[in-house]
Amino acid sequence: MKIIIDAMGGDYAPEQIVLGALQSAKEFGVEIILVGRGEDILASMKRHGWDTLPSGVEIANAEDVVDMHADPAEVVRQHKGSSMVLGLKMLADGAGDAFISAGNTGALLSAATLLVKRIRGIRRAAFAPLLPLGNGCILIDAGANTECTPEFLLQFGCMGSLYAKKALKKENPRVALLNNGEEDTKGDPLHKEAYQLLKAAGEKGIINFVGNIEGRDVPADRADVVVADGFSGNVLLKTMEGTAIYMGGLIKEMFYRNLFSKLGALLCKKGEAIKKRMDYREIGGSMLVGITKPVIKAHGSSDALAVRGAIRQAMNAVESGFCDDIRDNIAAMTLLREEKHAQ
């Protein structure tokens with residue numbers, strides 16, 4: 001298995017990207033291609049004690065870098081020689097099995113769609129991060145599509161269900177639609193119609209649709225897949241991240257208030273397991289579901305640990321073959337859409 005990594009994407013590139021990649025190559029035994037400015041990559045290696053490339057690791061030189069201000073619509077044309085574009089071209093050409101970048105999100109979505117292509121029949125690719133809630137929960141979409149149609153949300157639900165079967169190891173994952181109430185009459189026209197499509201998919205046994213879900217119920221293990229338009233999904237994701245950081249600060253402040261509370265903190269040291277579980281770095285990144293090959297968007301502030309998590313996630317995606325599962329189930333999604341239009 002070979003993983004292609006954009007070595008120049010992210011706030012701490014290439015230093016932390018390279019370090020995480022080299023550590024992962026040694027730990028997981030996976031082959032890695034680091035795409036980026038060769039001299040910078042080699043300099044980062046030497047600072048961490050690697051004078052030569054380890055076995056199974058190679059460098060593909062790319063002098064250009066897609067920065068955070070690049071226009072996503074023009075990235076493929078204006079940045080042909082960038083680490084992101086070159087890496088995705090390599091994936092499309094079969095030089096690797098998966099691609100990871102912590103760079104510009106919009107640019108990654110645009111370039112992956114143009115170069116690696118969507119699976120035939122999929123209307124839009126969607127970001128599907130794994131939320132560390134209950135036994136795990138997948139949010140789809142988390143920001144790729146701010147404007148959606150009911151058919152998009154139907155496909156998100158179907159793709160999310162297939163992904164959850166592999167990522168969460170659940171035979172019949174519960175799929176819910178993010179809405180402003182549980183009743184089937186809630187929401188704007190988009191969500192009302194999407195509800196009916198998802199309900200029909202549930203009745204046909206394509207997914208296990210459990211109805212609407214409110215934002216406050218997402219952490220309560222009420223669903224394994226939460227379907228959302230990209231705008232609402234991204235707001236939910238960022239709100240949860242911010243709440244976790246805020247609550248972590250409050251707990252730390254409480255435990256370090258005085259000598260007695262510090263002693264209590266020592267007795268609660270096992271709470272580190274909770275902190276680790278909520279750490280986005282352990283998960284690695286967000287899968288771009290609907291693309292013909294695994295593409296993962298790592299967090300912009302990814303360090304070596306986060307890169308390691310993204311590589312492990314990419315390996316699991318390749319081994320699971322969930323992209324093929326989506327291809328095999330396109331017919332069912334298309335049939336539902338055609339039946340709806342025929343009414």
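These are my notes from a look through a predicted model.

**Overall make-up**

I started with the whole protein. I counted up the secondary structure and got 14 helices and 11 strands. Then I checked burial: of the 343 residues, 50% count as buried. I also looked at contacts between residues at least 6 apart in sequence, and 73% of them join residues at least 24 apart.

**Helix H7**

Next I went to H7, which runs over residues 189-203 and has 15 residues. I looked up its span from first C-alpha to last: H7 reaches 21 Å, close to the 21 Å expected at 1.5 Å a residue. Which residues of H7 are buried? My list reads Leu-190, His-191, Ala-194, Tyr-195, Leu-197, Leu-198 and Ala-201. After the helix comes Gly-205, and its phi is positive, near 80°.

**Gln-155**

I moved on to helix H6, residues 150-167, where Gln-155 sits. Is Gln-155 buried or exposed? Gln-155 has 1% relative accessibility, so I put it down as buried, the cut-off for that being under 20%. I then asked what its side chain reaches: the backbone nitrogen of Arg-123, at 2.8 Å.

**Pro-219**

Pro-219 is a loop residue, found between strand S8 (208-213) and strand S9 (225-227). I noted it as partly exposed because its relative accessibility is 43%. What does Pro-219 touch, leaving out residues up to four places away in sequence? I found Leu-133 and Met-240.

**Cavity search**

Last, I searched the whole structure for cavities of 30 Å³ or more and found 1. The volume of the largest cavity is about 40 Å³. Which residues line it? I wrote down Ile-5, Asp-6, Ile-17, Ile-100, Ser-101, Ala-102, Ala-298 and Val-307. The elements giving two or more residues to that lining are strand S1 (2-6) and strand S4 (98-101). Sorted by class, the lining of the largest cavity has 6 nonpolar, 1 polar and 1 charged residues.

Terms used: Residues numbered from 1 in each chain as written. Predicted model: local features only at pLDDT ≥ 70, side-chain atom pairs only at ≥ 80, totals over all residues. Heavy atoms only, no water. Helix = DSSP H or I, 4+ residues; strand = E, 2+ residues; numbered from the N terminus. Expected span 1.5 Å × (residues − 1). Buried < 20%, exposed > 50% of the residue type's maximum accessible area, 1.4 Å probe, protein only. 1 Å grid on protein atoms, 1.4 Å probe; cavity = no way out; pocket = protein on both sides within 12 Å on 5 of 7 lines; lining within 4 Å. Points joined across faces, edges and corners; volume = space filled by probe spheres on them. Nonpolar A, V, L, I, M, F, W, Y, C, P; charged D, E, K, R; others polar. Contact = heavy atoms within 4.5 Å. Polar contact = N/O pair within 3.5 Å; in protein donor to acceptor, adjacent residues only side chain to side chain.
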